[in-house]
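Welcome! Take a look at the model below, and then we will walk through a few of its features together.

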Amino acid sequence: MRADRLVATLLFLQERGRVTVPEVAAELEVSERTARRDLEALAAAGIPVYSQRGRGGGWSLVGGARTNLTGLTADEIRALFLVTGPLTATPELRTTLRKLVRALPPTLRADAEAASRAGVTDGTDWSRTPVTAEAGHRAALQRAVVEGTRIRLGYESVGKPAGERLADPLGLVAKAGVEYLVAGTDKGLRTFRLSRVTSVELTGEAVVRPPGFDLAAAWRRLAEEVEQRLYAVTARARVDPGALPLLQRLSGGRLRVGDPLPDGWTEVWVDGPAPQALAAHLSGLGARIEVLEPPEVRRRLARLGAELTALYAPEAAPGSADR
């Protein structure tokens, strides 16, 4: 596109200070005639570009000036490159950053380049499981969202075989380093974790957007629904103070700590999605925690204790009954 070419020409002019038509043509891989026409178009658009004939001539910015195309402050540039630097594994982002660096005044370039090298993104968790989608799936989903194209989405839910469904991609959301697609389906708005996407096929059909759709507001509603499921059951318990730091690490924001009890233990409240899941979560602390309520969680813990005892308790030694 010519607009892209004009910007690239101006960036090249800023980088070199003075350029010739053959140099611009070689850099942008266009004909000399096209390169000359683009330089003349910049001048006609009010950009302070002028040409000088003769030996050592060429095209320059008036007075050798260098225009800061970005209009960003030093702090804004540093913040931008700190965010994008770790993500430069993709060719598109590397190209974008190179263009941005060219557009910056020399005094700001060193900081920008240092910021781009100041971080690394590791796409796996501590179990070496990828937590981000393949670049190809992400790129296809981004394209579908931007172009407003319905997709046929291959997706593998937890505990279910992979399947396909039609979806209207409405936006992408990153939450705590995990990426999600927000899409309309025949069952209403749904979220799809990108790391579980198995395929993306653009159908060419237009997306059906709900009237007045706002991605941020929709995500808040969806997140609230998920949180309600995660916090469906609350257990009140007493815990050995020595086990409290471990319980805090395991439970995170689902733990609320009360005051010390007369016996020296501490009262706590722990949230979970269901009695069975909550019992399994707390059982690892053994006798260092006692669930006081609800009864369903206590029964689940008792059942778990009986199953573990039956599986792991040592058999009585031969003849021990006679001693």
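On the surface, Val226, Leu230 and Tyr231 make up a nonpolar patch with about 240 Å² of accessible area together. Patches take residues with over 30% relative accessible area and no salt bridge, joining like charges within 9 Å and nonpolar side chains (Val, Leu, Ile, Met, Phe, Trp, Tyr) within 5 Å. A salt bridge is a side-chain nitrogen of Lys or Arg within 4 Å of a carboxyl oxygen of Asp or Glu. Areas come from the Shrake-Rupley method with a 1.4 Å probe, and for residues only the protein chains shown count as cover.

This is a predicted model: local features need pLDDT of at least 70, side-chain atom pairs count only at pLDDT 80 or more, and totals for chains, interfaces and linings use all residues. Residues are numbered from 1 along each chain as its sequence is written, and side-chain values use heavy atoms, leaving out hydrogens and water.

Here are two residues side by side (buried is under 20% relative accessible area, exposed over 50%, partly exposed in between; 1.4 Å probe, protein chains only).

| Residue | Relative accessible area |
|---|---|
| Tyr231 | 37%, partly exposed |
| Ser60 | 5%, buried |

Tyr231 sits in the loop between α8 (215-230) and β9 (233-239), while Ser60 belongs to strand β3 (residues 58-61). Helices (H or I, at least four residues) and strands (E, at least two) are DSSP runs, numbered from the N terminus. The protein has 11 helices and 12 strands, and 30% of its 323 residues count as buried.
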